[in-house]
Amino acid sequence: MLSDISLFMPRATKTTRIRLRPADTSKVPFWGQLLIGGLWIAYTLFLISSDEGIQDYHFLHYVFLVFSLVYIGYVLVHNAPVFGTQSYLEFTPGYIVHKGGLFRAKQVFAAESIEAIDLAPMQLRIRLRSNDLYTLSLREVKGPKRREKFKAEIRQFAAEYTITLRETAPAPRV
């Protein structure tokens with residue numbers, strides 16, 4: 001009877017999710033973006049509180065205030081884990097999933113479509129059978145412990161699905 005119940009219980013799948021830093025592709029750093037948004041909000045509130053230009057287009061101050069608040073919200077959601085981890089690399093049975101951020105699509109790599117994996121000291125390259133090449137900067141992986149866990153997961157994934165894994169040793173320091 002007990003064995004019959006275990007047939008209907010969901011099985012835990014073995015997935016490992018490694019959190020990544022948000023891809024820092026903007027020219028202005030996170031705190032700079034927040035400062036710019038804060039200055040916009042302060043400037044707009046100053047214009048609203050003063051009676052300057054109240055006859056002509058005063059409603060534009062409120063429109064600009066709303067856009068400034070939306071900008072601050074966008075910066076926070078994109079760079080801080082407001083809605084959970086948005087930038088990650090996940091190892092699931094048969095797949096590697098890369099998500100670069102909240103507003104970016106997932107990249108799913110099936111094990112049967114991966115020809116080779118190149119693991120350089122600070123870069124991961126996934127070469128597909130269709131001759132496509134995807135790269136991931138390991139600078140996005142936070143901390144040395146997490147980076148070692150990531151490399152161990154890559155080695156395990158490659159061994160489990162018999163994928164060619166080429167590791168490049170770091171250059172010796174002179």
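Predicted model: local features only at pLDDT ≥ 70, side-chain atom pairs only at ≥ 80, totals over all residues.
Residues are numbered from 1 along each chain as its sequence is written, and side-chain values use heavy atoms, leaving out hydrogens and water.

Let's start with the record: an unreviewed UniProt entry annotates residues 30-47 and 59-77 as "transmembrane region", though such annotations may be inferred rather than shown by experiment. In the model, residues 30-47 are 100% helix, with end C-alpha atoms 26 Å apart. Residues 59-77 are also 100% helix, and here the end C-alpha atoms are 27 Å apart.

Phe 67 sits in helix α3, residues 59-79. Phe 67 is exposed, with a relative accessible area of 55%; exposed means over 50%, buried under 20%, and partly exposed in between, with a 1.4 Å probe and protein chains only.

Now for the strands. In β2 (residues 87-92), six of six residues are buried. Ser 87, Leu 89 and Phe 91 lie on one side, and Tyr 88, Glu 90 and Thr 92 on the other. In a regular strand, side chains alternate between the two faces of the sheet. Six bridges join β2 to β3 (residues 95-100), and the two run antiparallel; strands pair if DSSP finds at least two bridges between them. Two residues separate β2 and β3 in their hairpin, and Gly 94 in the turn has a positive phi of about 90 degrees.

Methods: Helix = DSSP H or I, 4+ residues; strand = E, 2+ residues; numbered from the N terminus.
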